[in-house]
Amino acid sequence: MTHKFIVNTNDVNAYGYRVLTEGIDYVQYMKNAVVYFGHDRFLKDERGSEVIGRCLSLSKEGDKLIAEIEFDMQDDFAKKIAEKVERGYIRMASIYADIISTSTEPSDLLPGQSYETVTKCKLIEISIVDIGGNDGALKLSRNGSTVQLSKLEIQNPKTMSFKTIAIALGLIPDADESAILSEISKVKLSKTTAETQLDALKKEVETSQTQDATLLVEKAIQLNLIPEALKDAQLSAFKSDFNGQKVTLSRLIAEKEGENGVSSKVKLVKDFVAGGKTVQLQAKDGYQKGDFVKLSKENPDELMRLRNEEPEEFKALYKAEYNVEPKL
């Protein structure tokens with residue numbers, strides 16, 4: 001009776017280590033390819049039946065080592081094990097190997113591994129086992145003596161070393177703890193200072209925006225663009241979208257003022273604010289002597305704007321003062 005078994009893979013076993021299939025040397029083993037039960041050469045109750053079969057062939061398929069095992073059906077104990085395999089009660093096999101080399105290189109380690117990886121080993125025997133992944137399922141030795149693999153010193157990847165922190169802070173890699181703590185304190189202080197300055201700047205911007213919004217809303221009310229009752233609602237709208245509200249209301253005010261300046265020459269067309277004082281001037285036909293002088297004293301910039309942008313208004317204002325038209 002023959003059956004095929006996977007006797008090794010590159011996976012981490014139940015005890016936290018692994019044996020690389022590509023590193024298993026089975027040339028010598030195949031010269032005397034004995035198969036035991038449970039890696040036991042000296043069965044207490046079945047002396048003389050330790051060898052329950054032989055390995056007919058070994059092949060490597062990917063990371064799997066596959067053995068074709070023939071059971072000794074002339075031996076009562078071996079026959080009993082073979083029949084349990086045949087009926088599906090026993091389904092596992094494993095190897096016993098003599099270690100040649102091991103590795104702790106990151107490239108040879110897998111998640112969940114806690115012992116070093118066996119990279120090269122010499123196959124000693126194969127056993128049928130009832131439970132894999134325990135002390136009897138995958139046995140190791142070195143030069144024939146039982147061996148315990150070295151436990152890995154696994155560092156928590158979330159834990160940064162002083163060297164890493166020092167470099168991140170712009171210090172030399174060998175900076176001591178006091179230097180690192182000092183630099184961290186500086187960083188914290190800088191952060192606190194920056195946050196304080198940012199808060200102050202935000203308050204300054206908010207105050208400026210509130211003042212601008214109030215001036216625009218009051219101007220819109222003055223021009224009958226919005227009723228007085230909606231003043232608070234309009235100011236709330238500025239808080240939600242200051243830039244959008246400013247653009248919209250400024251355009252409406254400019255258009256309304258333009259309409260007022262064209263539609264009536266008897267209305268007040270300009271409010272010239274200078275040093276907190278309001279200078280009110282009537283349209284062309286209503287300018288009086290003294291208006292030109294008054295404007296030149298209290299708001300010369302506006303007078304210059306009139307001269308450059310509204311020459312007809314400027315001429316009317318000048319003529320009312322001096323009874324002659326200016327030469328522009």
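User: What makes L198, L201 and V205 a nonpolar surface patch?

Analyst: In this predicted model, L198, L201 and V205 together make a nonpolar surface patch of about 240 Å². Areas come from the Shrake-Rupley method with a 1.4 Å probe. Local features need pLDDT of at least 70, and side-chain atom pairs count only at pLDDT 80 or more; side-chain values use heavy atoms, leaving out hydrogens and water.

User: Why is L201 called partly exposed?

Analyst: Buried means under 20% relative accessible area, exposed over 50%, and partly exposed in between. L201 has 47% relative accessibility, so L201 counts as partly exposed. L201 belongs to helix α3 (residues 177-222).

User: Why is L171 counted as partly exposed?

Analyst: With 22% relative accessibility, L171 therefore counts as partly exposed. L171 sits in the loop between α2 (162-168) and α3. Beyond residues up to four places away in sequence, L171 touches (heavy atoms within 4.5 Å) A166, A179, I180 and E183. The C-alpha atoms of L171 and E183 are 8.4 Å apart.

User: How do you know that D75 has no salt bridge?

Analyst: The nearest side chain of opposite charge to buried D75, K80, is 9.0 Å away, against the 4 Å limit. A polar atom of the D75 side chain does lie 3.0 Å from the backbone nitrogen of F77.

Technical notes. Residues are numbered from 1 along each chain as its sequence is written. Buried means under 20% relative accessible area, exposed over 50%, partly exposed in between (1.4 Å probe, protein chains only). Lys and Arg count as positive and Asp and Glu as negative; His and the chain ends are not counted. A polar contact is a pair of N or O atoms within 3.5 Å; within protein, one must be able to donate a hydrogen and the other to accept it, and residues adjacent in sequence count only if both atoms are side-chain atoms. Patches are made of residues with over 30% relative accessible area and no salt bridge: like charges are joined within 9 Å, nonpolar side chains (Val, Leu, Ile, Met, Phe, Trp, Tyr) within 5 Å. Helices (H or I, at least four residues) and strands (E, at least two) are DSSP runs, numbered from the N terminus.
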